Amino acid sequence: MLLRLFHRCASTSTAARPTNFTFPQRIERSPTAILESLNSCVQTDGGNPAYMFMDDPFLIPTSAYEKRQLALSKASGKKAARWIIDRYSYAFFHDVAVPSIPSYFPTYTFDEKEFIEPDESTLYKLMNWNKVTKAHEIYKKCLEYKIDVSDACKYALFDLLCIYNSENPLEALLPEEDWYRRELNEKNQSNLTSRTWKENGLAEQMFEELKLSATSEQKIRLYNSFVSGLLKYNHVEKAMTIIDEMKQATIPIDLTTYNYLIRSTSLIKESYDQRWQFVVDTLKEMKDSSIQPNLRTFNSVLYTLRRCPAYEQGPKLALAVLNEMRQCGIEPSLGSWAHVIMIFYPSDQIGFETQMLPQIMDELEKVAQLEWKDSDDGEFFFNAMFKATVNCRDVELAKRIHRFLMVGSNTRFIPDGFREQLYYTNLFRLLFRVDMPEQVMPLWESVVPNVYSPSMNVMEDLIEFISTWNIQDYYVRLWSDLLMLGFIDSRQTNRRILDRYLSLLIQTNHGKPSTEQIKQYANIARQILKRFPLEPEEVEQRFGSTNDASAQQQEMTDGQQEQQQQQQQQTNQLRPKLQYDGHLLSNLICLLAPADDWEASWSLYEHYLSNRSTLINALNEQSLMSLLSLANRKNAINSALDIIETINELQYECLGDALDLLNRNGNLPNQSRQHLKTIQKKSKVESAHHVKLV
């Protein structure tokens with residue numbers, strides 16, 4: 001029976017087996033296809049710090065100053081490593097990377113022997129290593145020695161001279177420096193409209209030389225490269241002269257030159273109508289020459305309209321340009337939409353009723369994944385958030401833009417730290433004005449401090465927001481944020497933040513705070529006193545006693561004493577110094593007194609008495625009454641009388657309440673009661689005479 005079943009199964013499987021096999025077609029994949037697949041399996045966490053700030057969790061920077069310091073320190077370290085690689089190049093030729101990474105190898109050092117008998121290969125090698133001026137020098141040497149140089153090599157050198165304005169290209173910024181390029185003010189990152197073209201430079205000399213022997217085909221490349229260089233460095237007068245010469249000689253203009261020409265329209269024509277007519281005429285020339293425009297062409301047209309901020313026809317013409325793009329089969333890039341935003345919202349007061357920005361977001365949210373297509377794409381998110389918060393003042397629109405930024409890898413379209421800082425500043429300042437705490441605080445906690453380190457003005461807005469909504473659960477957390485973001489220091493610019501925060505805590509004490517809150521607020525005041533001691537003696541106790549140091553100096557040599565003095569001077573410079581005034585002392589007393597911290601409260605009062613001639617502002621009524629209540633609870637009668645005398649000297653209206661408070665103390669001796677009557681009798685404060693003393 002089993003044998004019969006086996007034969008039946010075997011015959012069935014043989015009959016169902018196919019007689020031939022078709023191999024699947026090979027799918028061409030990129031070298032990074034596996035990495036791209038793995039990347040698609042994870043999601044971006046928008047709350048993590050940038051890669052260049054990744055470190056041990058304790059060392060991850062939180063304040064804006066620490067982030068900048070760490071990024072530029074890393075860049076400095078990379079430059080030092082590059083110097084060592086170039087200095088000891090013989091030790092760094094062991095290549096273990098597959099594929100090889102040329103940037104990890106030492107920079108090629110040219111030997112003077114290569115320049116004795118130069119040839120075309122030397123020119124190419126110099127150009128590949130960005131030694132453009134040296135390549136031109138060797139080219140002239142080849143002409144002098146009558147060494148043959150091919151036309152391809154000549155025109156490649158000429159192209160580089162036009163691209164880099166007859167200079168060697170500036171060294172590219174490291175990623176850490178590029179993030180702070182606006183602060184570093186690098187020349188190669190500036191976007192100035194002033195003329196920077198070198199008159200009678202190497203490019204012009206080589207142009208006049210090649211023009212004499214160029215064929216008709218070579219003249220096309222020669223003239224277009226030269227005009228593109230002139231327009232790139234804003235020498236529009238000479239560029240227009242060369243273009244007229246090209247038209248007279250029937251030399252065709254290529255697409256790249258047309259793009260540069262359209263983008264320079266605002267430098268060529270003055271009035272808005274003349275600029276637009278010039279753009280139209282240029283596009284007609286392209287059409288007559290059968291030159292198909294590309295994305296850069298249309299972005300240059302939109303850029304020209306953007307440079308006409310008060311042009312009434314600007315929005316209408318921008319929509320016409322977008323329609324023309326779609327008819328040509330070209331989808332707008334983020335840079336295109338960035339220009340459209342600035343055309344429809346040319347100033348802070350114009351464009352609110354257009355509703356153009358929400359329509360742009362509708363278009364972009366249909367795109368599955370954004371791609372970097374144009375150099376202007378990095379402006380979109382900054383421009384969109386700025387106009388949504390300043391012009392539209394639309395909270396939902398601002399949140400919508402931010403959600404779109406957090407999708408996929410869209411955060412790469414904020415290209416530098418300056419734009420990122422302003423992006424989040426505009427976002428949160430709008431949210432603090434009009435949104436609800438349950439919507440704002442989760443977003444704040446998700447980006448601060450890893451992604452965004454707020455400025456002092458934003459922190460003031462946050463304190464005002466918390467105070468308005470009375471978010472008491474966030475009062476202590478706010479102190480941690482202020483410490484973490486570097487706002488609690490001795491800088492006078494940050495003093496305003498400290499005063500605003502302490503006033504917020506005191507405002508809570510006016511109500512009925514819990515015992516736990518009172519203790520937490522008092523601990524904050526103690527931390528301030530610990531970080532910024534009142535007297536120099538307290539600082540000496542923290543950093544070491546000067547008496548012990550003077551005793552040790554007797555046993556030291558002159559050289560050791562001088563070295564110790566230098567170290568002491570450096571230590572003094574590092575000591576935190578905060579200029580206390582009456583307002584700050586009052587706030588600290590108001591936080592310490594409810595927690596029954598008599599020693600710290602009284603030390604603040606004594607500091608005021610000993611420095612009252614130099615301190616700005618006096619202690620306010622609230623702090624003196626809080627301290628008097630504490631002294632009364634502690635039965636410190638003499639101290640209480642001293643506080644009442646200070647209130648009388650300052651002529652505060654609370655003197656009557658102070659006299660009544662101490663008068664109701666059952667342990668008050670007769671001598672002290674007589675003292676109270678004396679103060680009442682001599683006082684000029686009217687409220688003091690309304691109190692009936694026993």
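Tutor: A polar contact is a pair of N or O atoms within 3.5 Å; within protein, one must be able to donate a hydrogen and the other to accept it, and residues adjacent in sequence count only if both atoms are side-chain atoms. The model is predicted, so local features need pLDDT of at least 70, side-chain atom pairs count only at pLDDT 80 or more, and totals for chains, interfaces and linings use all residues. Residues are numbered from 1 along each chain as its sequence is written, and side-chain values use heavy atoms, with hydrogens and water left out.
Student: Which side chain does Asn259 join through a polar contact?
Tutor: Its partner is the side chain of Asn294, at 3.4 Å.
Student: And is Asn259 buried or exposed?
Tutor: Asn259 is buried, with a relative accessible area of 8%, where buried means under 20%, exposed over 50% and partly exposed in between (1.4 Å probe, protein chains only).
Student: Where does Asn259 sit?
Tutor: Asn259 belongs to helix α13, residues 255-263; helices (H or I, at least four residues) and strands (E, at least two) are DSSP runs, numbered from the N terminus.
Student: New topic: how many residues of α18 are buried?
Tutor: In α18 (residues 334-344), 11 of the 11 residues are buried, so this helix is largely enclosed by the rest of the structure.
Student: What do they pack against?
Tutor: The buried residues of α18 pack against α16 (295-306), α17 (314-327), α19 (356-364) and α20 (380-392), with contact meaning heavy atoms within 4.5 Å.
Student: Which residues does Ile401 contact?
Tutor: Leaving aside neighbours within four places in sequence, Ile401 contacts several residues, including Leu357, Met361 and Phe381.
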